[in-house]
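Reader: I've got a structure open on my screen and would like to talk it through. Where shall we start?

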Amino acid sequence: MTALDTLEELGYLRRDRNQNHQENGKFGSVHYVFYDAPQQPCVDFPYTDEPYTENQAQVIIKQETKKQEKTPISPKPKPIKPPMPAPLISRVEHYAGEDIQLRDAILDFARMRDSRKKGITTDRQLTLLLSKLNELSEGRRRDKIALIEKATVNGWLSFYPLHDDDLPTGIPPDGRSVSSPEVARW
């Protein structure tokens, strides 16, 4: 097409376009006339079969429409889903006793598991997790919190033994945190 455009500019080609559309909606045909020598276009009579291509000024009429002000709809607050069923939360609160930091750490672990679609939903799951927590921590509060936080940060679904460098220095080792016979059984 670039070559044909160049030939047309130099006068070796003339394109006769049929501007009428056919019945099926297609454009009309184009006839190409090639010359051996460049042809000078007649200045007095411009081609009448080509469309007028110069930019014409267009009048744009803007209609102002009043947009109705809609009152913004505030998004409905999503209900906060508990990390596990209420009876299990009650067991966690009973297990932690008055130790809010331990309770919050266990609930954070449960939220992390829930966000991974592996929530703690049964009594058996909670019992196994708390048993493993007691076994690995040997009943020491500091170790329990360290085990829970390490599992939460790493996205683990269970608790795994700590290395010596995993033990936190800011939590005082207060020995066993067993506060009831039921907890001691776990």
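Author: Let's begin with a term: helices here are DSSP runs of H or I, at least four residues long, numbered from the N terminus. Keep in mind that this is a predicted model.

Reader: Okay, which helix supplies the largest share of the lining of the largest cavity?

Author: Two helices, helix 3 and helix 4, each supply at least two residues of that lining. Leu126, Leu129, Leu130 and Leu133 are among the lining residues. The largest share, four residues, comes from helix 4.

Reader: Moving to helix 3, how far does it reach from its first C-alpha to its last?

Author: Helix 3 covers residues 100-115, which is 16 residues. At 1.5 Å a residue the expected span is 22 Å, and the helix comes close to that, with a reach of 22 Å.

Reader: Which residue caps the N-terminal end of helix 3?

Author: Look at the backbone nitrogen of glutamine 101. A side-chain oxygen lies 3.3 Å from that nitrogen, and it belongs to aspartate 99.

Reader: Is asparagine 134 buried or exposed?

Author: Asparagine 134 lies in helix 4, and its side chain makes a polar contact with the side chain of lysine 144 at 3.1 Å. Buried means under 20% relative accessible area. Asparagine 134 has 12%, so asparagine 134 is buried.

Reader: What about glycine 28, buried or exposed?

Author: Glycine 28 is in the loop between strand 1 (13-17) and strand 2 (30-34). Glycine 28 and arginine 17 are 11 residues apart in sequence and 7.1 Å apart in space, C-alpha to C-alpha. With a relative accessible area of 16%, glycine 28 falls under the 20% cut-off, so glycine 28 is buried.

Note on methods: Residues are numbered from 1 along each chain as its sequence is written. This is a predicted model: local features need pLDDT of at least 70, side-chain atom pairs count only at pLDDT 80 or more; totals for chains, interfaces and linings use all residues. Side-chain values use heavy atoms; hydrogens and water are left out. The expected span of a helix is 1.5 Å times one less than its number of residues. A polar contact is a pair of N or O atoms within 3.5 Å; within protein, one must be able to donate a hydrogen and the other to accept it, and residues adjacent in sequence count only if both atoms are side-chain atoms. On a 1 Å grid over the protein atoms alone, a cavity is a set of points where a 1.4 Å probe fits but cannot get out, and a pocket is an open set with protein on both sides within 12 Å along at least five of seven lines; lining residues have an atom within 4 Å of a point. Buried means under 20% relative accessible area, exposed over 50%, partly exposed in between (1.4 Å probe, protein chains only).
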